[in-house]
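Please look at the sequence and the model side by side, and take a moment to turn the model before reading on.

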Amino acid sequence: MPDIAVTLAQPGERRARPASDSDLPFGKIFTDHVFSMKYAAGKGWHDAAIRPYAALALDPASTILHYGQGVFEGMKAFCGADKDLYLYRPESHIRRLNVSAQRLCIPPLDPDFVLKAIQTLVMLDKDWMPETVGTALYIRPFIMGVDNYIGVKAASEYLFNVLLCPVGAYYREGFGPTKILVTEDYARAALGGTGACKVIGNYAASLLAAEMAHSKGYSQVLWLDSATKKMVEEVGMMNVFFHINDRLVTPRLNGSILPGITRDSILTLAREKGLAVDERDLSIEEVIRSIENGSLKECFGSGTAAVVSPVSTLGWRDRDYTIGSGRAFPLAEQFFKDITDLQYGRTTDTHGWVRRIGNKRDA
Ligand code: COI
């Protein structure tokens with residue numbers, strides 16, 4: 001494994017720390033250091049380094065700027081009550097980073113080395129790790145093509161970077177219920193496209209629908225399949241679950257849905273609880289019918305950033321449908337608790353999901 005050259009931020013280069021852990025915004029504060037590594041055809045991945053956080057210098061012709069050849073991951077580190085520091089399912093995130101990379105013709109990274117790089121970076125900036133309940137250090141690895149060439153082809157040079165941000169809740173509502181608008185005008189992804197990967201363009205493509213939803217007073221959109229606009233796929237930037245007739249239902253991974261790591265955690269925990277689980281096609285008409293006949297008890301999104309996010313209301317074809325009372329989310333709360341208990345080291349991890357990387361007091 002290559003060595004990581006570390007250049008520490010000097011006092012003048014250190015970044016302003018948040019005054020307190022309470023009210024941390026999501027994704028606006030970055031720590032003192034960044035990991036970076038380069039790739040060149042014929043040379044492979046090289047020059048692994050941790051440096052003070054600084055702006056990137058990119059040639060204006062860089063592939064990423066013109067054709068969006070870029071992928072990312074979002075994972076988290078947590079501080080337990082004993083100040084032990086944990087990563088949650090880092091191997092799954094790194095595996096998915098390489099799957100996303102392959103989809104965009106980006107050369108794979110050595111997963112063990114990426115894990116080492118992330119651990120080294122988190123431990124170097126461990127003083128930034130927030131400790132209040134509900135906070136975490138969000139880890140953003142991303143890879144981009146940086147050839148200075150504006151012909152359309154896979155780049156032969158890449159940059160891999162990892163940023164860290166201390167974060168609070170992702171949604172303004174926190175764990176509070178969200179109002180979601182079903183969109184039939186836009187689609188997030190199509191079969192054969194990049195929806196099953198964390199490709200940067202997926203997120204750009206989602207913005208207009210999200211803005212339309214916001215302008216109408218909704219938090220996010222419910223995405224339907226692009227071909228028929230009948231089948232439920234995702235909610236906002238999350239996977240989606242429905243509790244219907246005592247069964248937990250989530251759309252099957254049909255090729256345009258992201259294989260969420262929180263989604264997988266919920267499915268595993270649900271099966272262990274003896275809850276009947278269906279990964280299947282689910283139409284918006286079935287969802288609306290289940291709300292109307294009372295068999296849909298809960299709906300919630302799942303993702304790394306928000307963990308679990310309950311949905312109180314679905315807006316579809318100019319009507320709002322309240323799910324149950326719109327106020328009780330026992331299953332969503334249970335999964336939120338189960339997962340965060342694991343993440344903060346409050347319960348025993350029987351799945352090999354939680355990786356202790358050190359202690360905040362370590363020298
Ligand atoms: C996640 O929750 O996993 C996400 O990818 C959200 C992120 C784009 C902020």
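How many helices and strands make up the secondary structure of the protein? This is a predicted model, and in it the secondary structure comes to 7 helices and 18 strands. The protein is as compact as a globular protein of its length, because its radius of gyration is 21 Å and the globule rule gives a close value, 21 Å, for 363 residues. If you take the principal axes as your directions, the C-alpha atoms fill a box of roughly 60 × 55 × 35 Å.

With the outline in mind, we can turn to how the chain is packed. Of the 363 residues, 55% count as buried, and among the contacts with a separation of 6 or more, 73% are accounted for by residues 24 or more positions apart. The accessible surface of the protein comes to about 16000 Å², and 51% of this surface belongs to carbon and sulfur atoms. As for charge, the protein carries 41 positive and 42 negative side chains, and the centres of these two sets lie 1 Å apart.

After H7 comes Gly345, whose phi is positive, near 70°.

Next, consider a residue in a strand. Is Asp278, which has a relative accessibility of 17%, buried or exposed? Asp278 has its place in strand S14, residues 276-279, and it counts as buried because its 17% falls below the cut-off of 20%. Leaving aside neighbours within four places in sequence, Asp278 is in contact with Arg247, Leu248, Val249 and Thr250.

Finally, look at a residue in a loop. Gly68 lies between helix H1 (63-67) and strand S4 (70-72), and its relative accessibility of 21% is the reason why it counts as partly exposed. Which residues does Gly68 contact, once its neighbours within four places in sequence are left aside? They are Thr63, Leu104 and Ile200. The C-alpha atom of Gly68 is also separated by 8.1 Å from that of Gly145, although these two residues are 77 residues apart along the chain.

Terms used
Residues numbered from 1 in each chain as written. Predicted model: local features only at pLDDT ≥ 70, side-chain atom pairs only at ≥ 80, totals over all residues. Heavy atoms only, no water. Helix = DSSP H or I, 4+ residues; strand = E, 2+ residues; numbered from the N terminus. Rg over C-alpha atoms; globule rule 2.2 N^0.38 Å. Buried < 20%, exposed > 50% of the residue type's maximum accessible area, 1.4 Å probe, protein only. Contact = heavy atoms within 4.5 Å. Areas by Shrake-Rupley, 256 points an atom, 1.4 Å probe, with all protein chains shown as cover. Lys, Arg positive; Asp, Glu negative; His and termini not counted. Charge placed at Lys NZ, Arg CZ, Asp CG, Glu CD.
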